[in-house]
Amino acid sequence: MHHAESAQCPLCNWADDPEQRLVCRSELVLFLQNFRQQGALFGSGVIIPLRHAETVFDLTSDEISATFRLLAEIKEWMDTTYQPHGYNVGWNCGPVGGQEVMHAHMHVIPRFAEEPYAGRGIRYWLKQEPNRWRK
């Protein structure tokens with residue numbers, strides 16, 4: 001990674017964004033919530049590596065282990081704080097995969113029975129008829 005990449009990366013520079021809230025961190029990763037997230041994304045956040053890495057496929061084994069240890073802590077915290085009825089957890093990789101910020105980040109999204117799209121998982125939209133194609 002070039003220094004210029006991390007200098008321009010909003011997740012490398014999360015502390016410069018007043019909308020970002022650091023919830024917790026470990027030696028290699030941290031969990032952020034963005035105050036702009038409302039509605040169905042209420043309470044959601046991302047686990048990111050401190051080191052700039054573009055996708056989950058670029059993480060070291062130590063970063064992957066740290067991510068999943070922090071995920072367990074975040075789930076306990078969210079269970080207590082928000083009392084969700086379910087969760088979506090996932091990664092978008094590359095622009096075609098829906099990744100908008102090119103810094104690896106695992107989405108942790110608490111889900112609630114009252115939501116209009118409750119019961120529809122992360123693959124719901126991909127399975128719809130307009131998205132079907134054959135290569």
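I count two strands as paired if DSSP finds at least two bridges between them. For naming, helices (H or I, at least four residues) and strands (E, at least two) are DSSP runs, numbered from the N terminus.

**Ground rules.** The model is predicted, so I kept to the record's conditions: local features need pLDDT of at least 70, side-chain atom pairs count only at pLDDT 80 or more, and totals for chains, interfaces and linings use all residues. Residues are numbered from 1 along each chain as its sequence is written, and side-chain values use heavy atoms, with hydrogens and water left out.

**Confidence.** I looked up pLDDT, the predictor's confidence in each residue, from 0 to 100. The protein chain averages 91, and 95% of the residues score at least 70. Helix α1 (residues 3-8) has the lowest confidence, a mean of 73, while helix α2 (residues 61-82) has the highest, at 98.

**Sheet.** I traced five strands in an open, antiparallel sheet, ordered β1-β2-β3-β5-β4. β1 (20-25) and β4 (86-91) are at the edges with a single partner strand each, so one side of each has no neighbour in the sheet. On average, neighbouring strands are turned by 25° against each other, direction ignored. Five bridges join β1 to β2 (residues 29-34) in the antiparallel sense, and R25 has L30 in β2 as its bridge partner.

**Helix on sheet.** I took contact as heavy atoms within 4.5 Å. Helix α2 packs on the sheet, touching β1, β2, β3 (45-49), β4 and β5 (106-111), and its direction makes about 40° with that of β2. Axes here are lines fitted to C-alpha atoms, for helices over the stretch in contact, and angles run from 0 to 180 degrees between N-to-C directions.

**Q83.** I found Q83 in the loop between α2 and β4. Its phi is near 50°, a positive value in a residue other than glycine. Leaving aside neighbours within four places in sequence, Q83 is in contact with M78 and F112. The C-alpha atoms of Q83 and F112 are separated by 8.5 Å, although the two residues are 29 apart along the chain.
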